[in-house]
Amino acid sequence: MKNRGIKGLIWIVLLILFDQLTKRWAVTGLKDRDPVVLIKGVLELKYLENRGAAFGIFQNRQWFFVVVYVLVLAGIVFLSFRIPREGRFFPLMLCLCLIGAGAAGNMIDRVLHRYVVDFIYFKLIDFPIFNVADIYVTCAAFLLVFLVIFHYREEDLDRIFSPGKERGKADE
């Protein structure tokens, strides 16, 4: 388990680093400038300081985000100890890493700046501006739904969520 835990932490740190580097680039390359058009009418890089959550809800409620982050982190730690150490459950661990990295990346912004740096804009559908950390969380959420519906059986989920059920011990 230690080996898998260390690998997971390394991946989370690398994902957070990539998120923070892209945000730093957005600040230096996009702030107070016209958007960078990647695909005309479809995709732009456009700087935004988001003081709320997804789609701008909960504006300037930093305490709310801290509480949510602590709860998410606690859930990730709890689940990482409950998930069996078998290859079948690797996608679930990947989801936890992505969610953890995305939550941490945006929390770093909130703590340092009191806002989150967003910069990716799908102009074609006028989708709210987002960032790399948001991509991590969104991809993990879609993957998680797919896994629960199509990959894991009820017995698999029982092994994770039911106390006293035996979990796999193999270390990967």
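Predicted model: local features only at pLDDT ≥ 70, side-chain atom pairs only at ≥ 80, totals over all residues.

Aspartate 126 is exposed, because its relative accessible area is 56% and exposed is taken as over 50%, with buried as under 20% and partly exposed in between, using a 1.4 Å probe and protein chains only. It sits in the loop between β3 (116–122) and α4, and its phi is near 50°, a positive value in a residue other than glycine. Most residues other than glycine have a negative phi. Residues are numbered from 1 along each chain as its sequence is written, while side-chain values use heavy atoms, with hydrogens and water left out.

Aspartate 32 also has a positive phi, near 60°, and is likewise a residue other than glycine. This aspartate 32 lies in the loop between α1 (2–30) and β1 (36–39), and with a relative accessibility of 77% it counts as exposed.

Now to the chain as a whole. The protein has 5 helices and 3 strands, which are DSSP runs numbered from the N terminus, of H or I with at least four residues for helices and of E with at least two for strands. Their order along the sequence is α-β-β-α-α-β-α-α. Of the 172 residues, 36% count as buried. If we take contact to mean heavy atoms within 4.5 Å, then among contacts with a separation of 6 or more, 68% come from residues 24 or more positions apart.

How do α3 and α4 pack? Helix α3 (residues 90–113) and helix α4 (residues 132–151) meet at an angle of about 155°, their axes being 8 Å apart, where axes are lines fitted to C-alpha atoms, for helices over the stretch in contact, and angles run from 0 to 180 degrees between N-to-C directions. That makes α3 roughly antiparallel to α4, a term used for angles over 145 degrees. The residues in this contact divide into 15 nonpolar, 2 polar and 1 charged, with Ala, Val, Leu, Ile, Met, Phe, Trp, Tyr, Cys and Pro counted as nonpolar, Asp, Glu, Lys and Arg as charged, and the others, Gly among them, as polar.

Which residues does leucine 98 touch, leaving aside its neighbours within four places in sequence? They are Leu15, Tyr136, Val137 and Ala140. Leucine 98 belongs to helix α3 and is buried, since its relative accessible area is 14%. Its C-alpha atom is separated by 8.0 Å from that of cysteine 139, which is 41 residues away along the chain.

The other pairing I want to show is helix α2 (residues 62–82) with α3, whose axes come within 10 Å and cross at roughly 155°. These two helices are therefore roughly antiparallel to each other. On the α2 side the contact includes Phe65, Tyr69, Val72 and Ile76, and on the α3 side it includes Met93, Leu96, Ile99 and Met107. The residues of this contact divide into 12 nonpolar, 3 polar and 1 charged.

Key
Parallel < 35°, antiparallel > 145°, perpendicular 65-115°, else oblique.
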